[in-house]
Amino acid sequence: MRVTNTADTWWKNAVLYCLDIETFLDHNDDGIGDLAGLARRIDYLAELGVTCIWLMPFYPTPDRDDGYDITDFYGVDPRLGDHGRVVEVIRMAHDRGLRVIADLVINHTSDQHPWFKAARRSKDNPFRDYYVWRSTTPPDTSDEVVFPDKEDSIWELDDKTGEWYLHHFYKHQPDLNWANEQVREEILRVMDFWIQMGLDGFRVDAVPFIFEDVETLDNREDVPADPHQFLKELRAFLNRRRGDAIMLGEVNVPHEDQYEYFGAEAGDELTMMFDFIGMQNFYLSMARGDARPLIKALLDRPEIHPDNQWANFLRNHDELTLDKLSDEERQEVFDAFGPDPDVQIYDRGLTLRLPTMLKRDPRRMRMAYSLLFSLPGTPTIYYGEEIGLGEDTSQDGRMAVRVPMQWTDGKNGGFSSAPPRKLVQPVLSDGQGPAQVNVAAQRRDPDSLFNFMHALITTRRTCPELGWGSFHVVEQELDQVLVHECRLEESSVFAVHNFSEEGCEIEFSLGRSRAGITVVDIFADKPVEADSRGRIKLALEAYDHKWLRLQPDEPLLP
């Protein structure tokens, strides 16, 4: 097997792990997780097998939106540590072969950011044009707000100057004006600063809203004709500063628009992009016990440039967004996984983590993660997924899933020694607390989810076909089963997943003769018989999953 250009395309075969520093581990016992605590858990992440840590915002903030309301793009929130602690975390990760990326929040700032404080002093302030303003009363924009239970417009009147400023998110998060060249230059300096501090790239927050802001100003002469030029500038700058750094974009838009955010044929905008459409159709397929919705979503993916990659996920730090499904499809998912209206948010998503949605059925959970790690692209997991961490639905909205990590069955789950009233978030209870779900116990249990995830991640890293290979759906007769192949030169991995609660038997073709080929069941570590025409027969249990490695009889290095 010959794989080229792997050194500077590390992200093709990476495993990403997203974590919120303030809920991961508290080192100084003030009830808030911190960078020093994270440094103590770098060895844990290396043991788990992930290869890239994605840090949610750690910058100074009033913390009205869990750190996504930033007052200093160059700073570190003093509750979490300082620049020295950031460098320590990055150095320790690099020493163990892990990369580190961080959130780049460039759609908006906090209204307490010095730029906005200056901008609202007067209409002729030099920072005024760092934000988007209008002098006339805005129309009804209630259908454009991101948080319809909190805001009723994307415009907010500033009493001092009598003009309205744009905010697609909360009113305390004014949108930056990307039509202003000075704003773009400021963001380039921010990127440069953190790259020099050792980061390996960025997860770029809320990318489509940057474009909407530009389109809001389409009557101005200084707005570029093509807002995608902004992303090209960022990617080109990043590549000049460090050729193997990445930009991973949060872009929940239709496929044709995703193709443009990648940079279309040139592939020169976002390096990677989350596959929201695939994720949503995964849950529809699980609800129906039918693989076809997910198959369609995967086949509808645009063909992207080799310098681009999909990032696959089942759950992240926000609500489970289901906005790309039809109303009827969304209701099917609600009925199957979150029928209680209290866990439904904005009529488009759920505040639950995967274990709760799947009723902690180990068969379904393991099938789901096996599928995640076998799909073409880069798997991304959210902290705690490796142990089946739950959620606290008493918390507001998306904060339900941002709960303290559970390390032991001791006080506060080993997250902190502070009194419970001081914790940044309450520790879980009601059957999903530290007594039932924690890292220490699962490490000792060979049949635990942690050890399954560890084995899955390790196996994924030995299968470069999944990161670099070409993707094909394999024909077979059963709608409840997905068989797909990822092929890289003379080697292939076939992944088989049963979405049904019923067992079945399937037959499919390897697409080539059996002569000179070995087929191995990777997890069972045993050969699989194929007939002379290269056809395989498999018996599958309910929610079964199998990975088959197809390679020449001559041994190959992974």
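Residues are numbered from 1 along each chain as its sequence is written. Because the model is predicted, local features need pLDDT of at least 70 and side-chain atom pairs count only at pLDDT 80 or more, while totals for chains, interfaces and linings use all residues; side-chain values use heavy atoms, without hydrogens and water.

Helices (H or I, at least four residues) and strands (E, at least two) are DSSP runs, numbered from the N terminus. Helix 3 covers residues 83-95. Its 13 residues should span 18 Å at 1.5 Å a residue, where the expected span is 1.5 Å times one less than the number of residues. The end C-alpha atoms of helix 3 are 18 Å apart, in agreement. Val86, Val89, Ile90, Met92 and Ala93 of helix 3 are buried. Buried means under 20% relative accessible area, exposed over 50%, and partly exposed in between (1.4 Å probe, protein chains only). An α-helix has 3.6 residues a turn, so residues three or four places apart point the same way. The cover over the buried residues includes helix 1 (35-40), helix 2 (42-48) and helix 5 (181-196). Strand 2 (52-55) and strand 3 (99-104) also contribute. Contact here means heavy atoms within 4.5 Å.

Aspartate 82 caps the N-terminal end of helix 3, with a side-chain oxygen 3.1 Å from the backbone nitrogen of glycine 84. Just after the helix, glycine 97 has a positive phi of about 80°.

Aspartate 77 sits in the loop between strand 2 and helix 3. Aspartate 77 is buried, because its relative accessibility is 4%. Not counting residues up to four places away in sequence, aspartate 77 touches Phe58, Tyr59, Pro60 and Thr61. Its side chain reaches the backbone nitrogen of arginine 79 at 2.9 Å.

Elsewhere, three strands form an open sheet in the order 4-6-5, with antiparallel pairing. Strand 4 (133-134) and strand 5 (155-158) stand at the edges, each with a single partner strand, so one side of each has no neighbour in the sheet. Two strands pair if DSSP finds at least two bridges between them.

The structure holds zero disulfides, a disulfide being a pair of cysteine sulfur atoms within 2.5 Å. The sulfur of cysteine 486 has its closest cysteine sulfur, in cysteine 463, 9.5 Å away, too far for a bond.

Methods. A polar contact is a pair of N or O atoms within 3.5 Å; within protein, one must be able to donate a hydrogen and the other to accept it, and residues adjacent in sequence count only if both atoms are side-chain atoms.
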